[in-house]
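Here's a walk through one structure, starting with what sits around a ligand and then stepping back. Have a look at it before reading on.

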Amino acid sequence: MKNSDIFINKIREEAKKLGLFKIGFSKPEEIKKEGELFKKWIDDGFCSEMDWMKNNIEKRINPKILYPKVKTIISTAVNYFSDNRKKNMPETGKISRYAWGEDYHIIVREKLINLLDFIKKEYRNADGRIFVDSAPVMEKIWAVKSGIGWLGKNSLLITKEAGSWLFLGEIFLNIKLNSSKPFIQNHCGKCERCIKACPTEAIVKPGIINAERCISYQTIENKSEIPLNLRPHIGNWIYGCDICQEVCPWNKFSKVTTEKRFFPKKIDLDLKKIRKISEEEFQKKFWNSSIKRIKITKFKKNIKTAYDLLILKDDTAKNGFPPSRE
Ligand code: SF4
Ligand code: SF4
């Protein structure tokens, strides 16, 4: 066994101890083909108002611009699935599973800091830079190149072992290590469940999402009002949307995470009550959650959209015609 392979095995063992579900290694080469597809997605107008996506495209394509010393990209996936399939109650706001527990940016970063510290102890002169959804890094592409999984028609990274409830994170390392075999096969096959289930028809082609139509974009990224034509389809989602993951057959293989900080917090999301949430209560409830990142104004706008829809449906059911909106 070559030295690099022995070292990789040690890193894999340590990653497992730290609760990193999958790990892989790839060469930091320019990803021109993927970069062209990304540019086309922007040119087609599918990034909506996420103008920051249009910046730093060269950094996305060439990892050496982001970290000139990089010789290996370590990709990792952390499982956040918690087996708590709540019944859908129309009067209760729904939050995307990834935000049920504590903020993943902090937890995944902590795990990667520990892994990098381990590498530095084992290998003198080792150094690196950590990314968790924090810079122009094409995380899903590197995960495929590192052999972790494939990109589903819902555009998410899917693994055979545990489906798609995964957070991705990377270490750009200054040491050259042997690369893993990239994940070449796509196991979606003829399935189109995610495309058919998306209530807003946001999946315009396999793997291509029109952000403007996506509930996740509308309830998290969009700072303006949610377009009227989409509101009836948003239902009671008040932060994110999981529909295209919930229907994915590969998520039958989900395993409950070992990271308890991702378990759901007990928060009453009754739309009638929570629409009156104060700034102080918002900070208290969500201080260590990624939800706090959208701030109270946006959160309340989302709740209002869901609540208006609930009232509209209730009144329609009772009176048989749509009531006028205040
Ligand atoms: S997150 Fe929801 S709205 Fe967005 S593509 Fe998936 S199902 Fe459609
Ligand atoms: S629902 Fe089907 S098509 Fe969509 S990502 Fe999952 S396997 Fe692929």
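Sort the shell around ligand 1 by class and you get nine nonpolar, three polar and no charged residues. Here Ala, Val, Leu, Ile, Met, Phe, Trp, Tyr, Cys and Pro count as nonpolar, Asp, Glu, Lys and Arg as charged, and the others, Gly among them, as polar. Among the residues surrounding ligand 1 are Cys 198, Cys 214, Cys 241 and Cys 244; a residue is near a molecule if its C-beta atom, placed from the backbone, lies within 6 Å of it. Helices α8 (215-221) and α10 (243-246) are the elements giving two or more residues to this shell.

All this comes from a predicted model, where local features need pLDDT of at least 70, side-chain atom pairs count only at pLDDT 80 or more, and totals for chains, interfaces and linings use all residues. Residues are numbered from 1 along each chain as its sequence is written, while chains are lettered from A and ligands numbered from 1 in the order in which they are written.

Now for ligand 2. The shell there has eight nonpolar, two polar and three charged residues. Of its 13 residues, Gly 152, Cys 188, Cys 191, Cys 194 and Cys 248 come nearest.

Stepping back, the chain has 13 helices and ten strands; helices (H or I, at least four residues) and strands (E, at least two) are DSSP runs, numbered from the N terminus. One of the helices, α13 (residues 295-319), holds Tyr 307. The C-alpha atoms of Tyr 307 and Asn 236 are 7.7 Å apart, though 71 residues separate them along the chain.
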